[in-house]
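Dear colleague,

I am handing over the structure we spoke about, and my notes on it follow below. Please read them with the model open beside you.

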Amino acid sequence: MYDFAYHKPSSIADAVKLLSEDPDAKPISGGMTLLPALKHRLNRPTALIDLSAIAELRGVKQEGNALVIGAMTRHFEVATNPLVMASIPALAKMAASIGDTQVRNRGTLGGSLANNDPAADYPSAALALGATFITDRRSIPADDFFQGMFTTALEPGELLVAVSFPIPEKAGYAKLRNPASRYAMTGVFVAKGPQGVRVAVNGAAACVFRQTEMEAALAANWSADAIAGVKQSPDDLNSDIHGSAEYRAHLVNVMARRALAEA
């Protein structure tokens, strides 16, 4: 691990100021990805901006027909929050399935979304629910936020503050975990709500994506039977020692039908 400065601001304004003053500084939330990268010398920030003391970045509140969740809200807090459990139970259940107990008590919703790991769970929930990402500068629709492997629409120095999730009529999530790493080999989140029917897939490709063919079928008939014949193309899907692209394509349909059963 290389040397770096360490700052622990107590407000969003202070954190943004520190980031603007040093383009090579990195914000750190739970540290589930950044700390291992530092240990392996895969990243060399000049400073770490610890966001854990910023109270305004944590918590869940309802605003109209949406839940607004602070970026520093931990997975465990999402999983056990009464508002989330009552309004978007699929999101609470998803959070409860992330990693292990230690990860759920350290990792944060905002850190996971800003990192955009292909196998992360939250991106599919945000995309399927039609979430809006709120930063210190602007609001970004989920359809514009995820841009590729570990790549988002966040600009240098821009800080994710909260995510607004529209409350759906129905939603469900299912995934197949890698038995060793526990990461999702393929996960599917289905939702029917204010933005219509949306189906998002994580783990199968380099970046979360919408399965529009399934969306059209489910808009006409919300049932597992409606998508039984929908085949996901293996083109551009991940292929590795854990599973071929063809296997992951098959899993998209299987997980989608399981997610519908959950919904």
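In the hairpin of β11 and β12, six residues lie between the strands, and among the residues of this hairpin Arg182 takes a positive phi near 75 degrees. Please keep in mind throughout that this is a predicted model.

β12 is mostly covered, with nine of its 10 residues buried.

The structure holds one cavity of 30 Å³ or more, and about 50 Å³ of space lies in the largest cavity. Two or more residues of its lining come from each of α8 (122-129), β12 (184-193) and β13 (196-202), with β12 giving the most, at three residues. Among the lining residues are Leu129, Pro166, Lys192 and Arg198, and by class the lining has six nonpolar, three polar and two charged residues.

There is also the second largest pocket, in which about 210 Å³ of space lies. Of the 13 residues that line this pocket, Ala119, Tyr183, Ala184, Asp240 and Arg248 are the closest to its centre, and the lining as a whole has five nonpolar, five polar and three charged residues.

With best regards

Conventions:
Residues numbered from 1 in each chain as written. Predicted model: local features only at pLDDT ≥ 70, side-chain atom pairs only at ≥ 80, totals over all residues. Heavy atoms only, no water. 1 Å grid on protein atoms, 1.4 Å probe; cavity = no way out; pocket = protein on both sides within 12 Å on 5 of 7 lines; lining within 4 Å. Points joined across faces, edges and corners; volume = space filled by probe spheres on them. Nonpolar A, V, L, I, M, F, W, Y, C, P; charged D, E, K, R; others polar. Helix = DSSP H or I, 4+ residues; strand = E, 2+ residues; numbered from the N terminus. Buried < 20%, exposed > 50% of the residue type's maximum accessible area, 1.4 Å probe, protein only. Pairing = 2+ DSSP bridges.
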